[in-house]
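Thanks for coming. Please look at the screen while I bring up today's example.

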Amino acid sequence: MQLAEVREGLEGVVVANSSMSWIDGENGVLIYQGYNIHDLAEKSTFEEVIFLLWNGRLPTQAEFDDYFKRLSDERQLNDQEWDFVRRYANSQVHPMAFLRTAVSFLAHSDPDVEDNSHEANVRKGFRLTGKMAVMVAAFDRIRNGKEPLQAKPEWNHAKNFLWMLKGREPDELEARAMDVALILHADHGFNASTFAARVTAATLSDLHSAITSAVGTLKGPLHGGANTRVMQMLLEIGEVERAEQWVLDALARKERIMGFGHRVYRTMDPRAVHLRELSKKLCERIGETKWYEMSEKIFEVVHREKGLWPNVDFFSASTYYAMGIPLDLYTPIFAMSRVVGWVGHCLEQYAHNRLIRPRANYVGPKGLQYVPIDQRT
Ligand code: SDX
């Protein structure tokens, strides 16, 4: 029975009103709660963006200091959480599969787990944001036989993550590059993982369940998993001179070039503008400009051949690579930032909720007679 025309992938379907973020795909505009992403990337910090996304306005200095401290206080794990990390941090486990289980595990020692009040969900938001960064960094150190490191209360989230991951104090450029990357990935309208979180929250299930749904959704290569595949592509191409033919061959095989295309943007993803600059600066700093140059060549060819533009995942790959971050941690870093957007969307969903339950046209058979199993051939 035909209920209505199916909108594959919900393309163009508007399912809610939201003040979290707005994307103008035709003009390449992204705003968080009214503020343009270019201003936030140039002038803000990840901690300030957390306040903005969860409160709908920029903080006063006192409010900023409070959020900075509340996040800092949550950049630590209890004994059971450390036991969990030590047990599962090994090279057989996909880091996003680890993070999916880790988020769910964090529920077991969260005193507010079944409290869906706004205040309790904000407390859980700080714990999830603080602990996810610790767990991602610790996962990599432990799987490499190193001891995990404690965060430093006086440093911000971005600088602490790089310290906990690499065991050395990041310099100004690296720390700011990570802070900008966290700002750029924090929210993006009703993308697949955010929608997954909202569908879960809309049943009035708990926040940890909603964020677990989101992590599992972000893992996919068509969504958050693309950044790792972009770097794998660059490494496979190897040299700038090989890039054009490699891309032409891939397109001839009808393959997708990771990091390009978007369901909403029909021009340059504004986030890619900043990541492109960071990739250039960081690749120059390590003396390996070929990863940036190769990215520019791939951009030129894909745009010329398919009219596609880079999305957030394209230049983030060479940016993270130039910071010495392992490839399979790129998507966990995406999740460590986007958890702030997921929490903000869940706060919005809980505050004005209706169960999310679409329909489908039934295309199966009808009127079949039941035949006992001993009479079936
Ligand atoms: C993120 O939604 C968000 O906001 C997501 C995100 C966020 O911040 O949350 O922005 C983060 O997920 C970015 C996207 C990361 N994924 C990738 O980079 C994977 C590669 N990109 C694609 O698979 C694709 O572009 C999507 C999934 C991102 C969007 O796909 P759509 O909107 O469903 O478009 P489509 O698959 O219908 O493609 C339309 C046409 C097709 O050509 P035809 O078959 O009609 O001839 O464009 C082509 C596609 O083949 N196309 C590509 C392509 N992306 C689309 N061709 C080659 N390479 C690509 N990357």
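I will start with the domains and then move to the ligand. Keep in mind that this is a predicted model.

First, the overall layout. The domain assignment gives two parts for this protein: domain 1, which covers 21–220 + 329–351, and domain 2, which covers 226–322.

Now the ligand. Where does the ligand sit? The space it takes is the largest pocket. The shell around the ligand draws on both parts, with at least three residues from each of domain 1 and domain 2.

How many residues surround the ligand? There are 22, and the closest are His188, His262, Arg263, Arg271 and Arg338. By residue type, the shell divides into 8 nonpolar, 7 polar and 7 charged.

Next, some individual atoms. An N or O atom in the side chain of Arg263 is 2.7 Å from an oxygen atom of the ligand. For Arg338, a side-chain N or O atom lies 2.8 Å from a ligand oxygen atom. With Ile257 the backbone is involved: one of its polar backbone atoms is 2.8 Å from a nitrogen atom of the ligand. As for cover, the ligand on its own has 1000 Å² of accessible area, and the protein covers 71% of that.

That is the end of my part.

Notes: Residues numbered from 1 in each chain as written. Predicted model: local features only at pLDDT ≥ 70, side-chain atom pairs only at ≥ 80, totals over all residues. Heavy atoms only, no water. Near = heavy atom within 4 Å. Polar contact = N/O pair within 3.5 Å; in protein donor to acceptor, adjacent residues only side chain to side chain. Areas by Shrake-Rupley, 256 points an atom, 1.4 Å probe, with all protein chains shown as cover. 1 Å grid on protein atoms, 1.4 Å probe; cavity = no way out; pocket = protein on both sides within 12 Å on 5 of 7 lines; lining within 4 Å. Sits in = over half its atoms within 2 Å of the grid points. Nonpolar A, V, L, I, M, F, W, Y, C, P; charged D, E, K, R; others polar. Domains from an automatic or database assignment.
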